[in-house]
Amino acid sequence: MKMVRAIVRPEKENDVVLALEAKGFPAMTKTHVFGRGKQKGLKVGPIHYDELPKVMLMIVAEDSSVPVIVEVIKNSAYVGYEGDGKVFVSPVTEVYTIRTGEKSEG
Amino acid sequence: MMVEVTAIIRRDKVAPTMRALDAMGLGAMTITTVSGRGLQGGNVMTDLDREVPAEYDAVSKITRNLTPASFALVHSLTRPVFWIPKRMLQIVLPSSMKNEVVDMIMSVNRTGWMGDGKIFVSPIDESLRIRTGERGVDSV
């Protein structure tokens with residue numbers, strides 16, 4: 001299993017979620033985060049924005065569906081400007097469903 | 001070796017879970033306010049956690065196989081909810097304690113209703129206590 005964490009523009013959140021749902025991945029967790037990227041934030045005139053609001057979506061999926069998820073996020077979160085976000089993939093060894101106690105590994 | 005246990009649970013189960021973890025000697029954790037949507041893609045009513053189960057008990061005696069969603073439809077509670085508020089607990093612990101902790105979290109959080117949450121276990125490569133510079137299992 002892998003956890004895909006996508007940090008996307010808040011205004012693109014709905015597009016990403018609906019695109020993922022259409023591909024059969026409705027389950028995810030969302031949290032509002034603040035971050036800055038390689039450009040060290042945003043400079044508008046004399047004002048420097050150090051912490052830019054983003055939405056982080058976390059999706060845990062089978063290894064085989066990770067390329068599909070990444071592709072969907074890449075297409076639906078794309079604007080073409082700095083600040084479109086990042087996608088991170090990290091390993092998850094076990095997943096439990098609390099309601100049933102069901103365990104899946106790998 | 002260390003593992004990170006990430007539990008996404010109901011809001012009202014945070015305190016019981018913390019008490020149970022305390023009793024096991026695990027005081028340290030990170031709690032985040034998150035929103036989630038499970039395989040059902042959200043829910044159809046707002047107060048599933050608090051309002052419905054009591055009523056549901058009475059109704060389910062007559063109709064056994066009523067899901068929360070169809071219960072909402074029958075009772076005109078159709079207020080679709082896209083994101084359900086949840087709490088995410090992240091606990092880093094030595095991998096020897098993993099099974100014990102996972103079983104405990106599951107027994108405390110299980111209500112048998114959709115939305116009880118998920119537990120993810122993932123490997124942690126390195127851990128460092130900033131104050132003392134301890135590394136590895138000593139630092140968690």
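**View 1. A:M28 and the strand pair between the chains.** A:M28 stands opposite B:R37, a residue of β2(B). In this predicted model, local features need pLDDT of at least 70 and side-chain atom pairs count only at pLDDT 80 or more, while totals for chains, interfaces and linings use all residues. Residues are numbered from 1 along each chain as its sequence is written, and chains are lettered from A and ligands numbered from 1 in the order in which they are written. Strand β2 of chain A (residues 28–35) pairs with β2(B) in the antiparallel sense, over three bridges; pairing requires at least two DSSP bridges between the strands. Strands (E, at least two residues) and helices (H or I, at least four) are DSSP runs, numbered from the N terminus.

**View 2. The side of chain B that touches chain A.** Here 26 residues of chain B are in contact with 20 residues of chain A, contact meaning that C-beta atoms, placed from the backbone, lie within 7 Å. The elements of chain B giving two or more residues to this side are β2 (30–37), α4 (98–109) and β4 (118–124). β4(B) supplies the largest share, six residues. By type, this side of chain B divides into 13 nonpolar, nine polar and four charged residues. Nonpolar covers Ala, Val, Leu, Ile, Met, Phe, Trp, Tyr, Cys and Pro; charged covers Asp, Glu, Lys and Arg; the others, Gly among them, are polar.

**View 3. Chain A.** Chain A has two helices and eight strands, in the order β-α-β-β-β-β-α-β-β-β from the N terminus. Its C-alpha atoms fill a box of roughly 55 × 25 × 20 Å along the principal axes. Of the contacts in chain A with a separation of 6 or more, 71% join residues 24 or more positions apart.

Methods:
Contact = placed C-beta atoms within 7 Å.
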